[in-house]
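Reader: Let's walk through how two chains meet here. Can you take me through it step by step?

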Number of protein chains: 2
Amino acid sequence: MEMTPKAKTSKLPSLSLRIDLDEGRIGPGKIQLLETIHSCGSIAAAGRALNMSFKHAWDLVNDLNRICGCAVIEPEKGGKDGGGSALTPFGLSLINRYRSIERSVSQAAREELLGLRADIG
Amino acid sequence: MEMTPKAKTSKLPSLSLRIDLDEGRIGPGKIQLLETIHSCGSIAAAGRALNMSFKHAWDLVNDLNRICGCAVIEPEKGGKDGGGSALTPFGLSLINRYRSIERSVSQAAREELLGLRADIG
């Protein structure tokens with residue numbers, strides 16, 4: 001594909017995706033929260049990492065459970081470190097599906113996004 | 001692809017798209033407004049059709065002009081009917097690009113959305 005010099009140097013517009021289900025929406029914010037819980041090991045630590053109150057993080061997790069009709073997080077485990085949270089297999093699969101959709105979509109939309117970038121200079 | 005009887009009868013999750021540009025975001029609401037201005041012939045009529053105040057509709061159009069750095073609407077024309085608004089060629093092209101991206105994306109994401117529907121039953 002031919003690109004003008006200008007198009008070569010300016011950034012390609014990006015896409016944000018939201019999955020619309022009967023019970024609600026799943027977008028980049030909720031997916032990022034799940035990923036952060038997975039890497040940090042608890043809802044509280046993920047909330048801190050994302051500058052989000054524990055209550056807000058917990059509400060978003062509950063939203064996801066309700067929207068999907070299945071748990072995204074295993075029940076908190078006890079122990080000397082005060083417990084933590086792990087994702088369920090469904091929670092992990094949800095992240096993978098969302099990121100996989102994102103990759104396919106970037107590819108599928110690439111020509112139109114190049115065209116849009118050329119239109120707006 | 002094999003589908004369970006349940007998957008055959010329940011609705012496939014849909015996707016909403018937002019285009020992220022340096023200056024702001026273009027999502028389904030702004031595109032629907034442009035389409036309605038195109039079909040109704042004025043910002044005021046489009047606002048009424050979408051249950052939106054004239055000011056809000058006008059602000060969204062101005063947002064689009066600013067985000068894209070080019071006008072999406074021709075200047076209002078005078079005349080005995082009090083004028084009206086037509087989309088610029090860029091405004092029409094923006095609608096077409098957005099809807100074309102939507103179609104490619106639905107296709108590209110179909111397998112994962114079928115998988116998600118199966119996961120959540």
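Reader: How many bridges join β1(A) to strand β1 of chain B?

Author: Bear in mind that this is a predicted model, where local features need pLDDT of at least 70, side-chain atom pairs count only at pLDDT 80 or more, and totals for chains, interfaces and linings use all residues. Residues are numbered from 1 along each chain as its sequence is written, chains are lettered from A in the order in which they are written, and side-chain values use heavy atoms, with hydrogens and water left out. Strands here are DSSP runs (E, at least two residues; helices are H or I, at least four), numbered from the N terminus, and two of them pair if DSSP finds at least two bridges between them. β1(A) and β1 of chain B (residues 14-21) run antiparallel, and the number of bridges is seven.

Reader: How many salt bridges does the rule find across the interface of chain A and chain B?

Author: The rule wants a side-chain nitrogen of Lys or Arg within 4 Å of a carboxyl oxygen of Asp or Glu. Arg97(A) and Glu112(B) meet that way, at 2.8 Å, N to O. Across the interface, the count is six.

Reader: Which element gives the largest share of the side of chain A that touches chain B?

Author: β1 (14-21) and α5 (89-120) of chain A each supply at least two residues of that side. With 16 residues, the largest share comes from α5(A).
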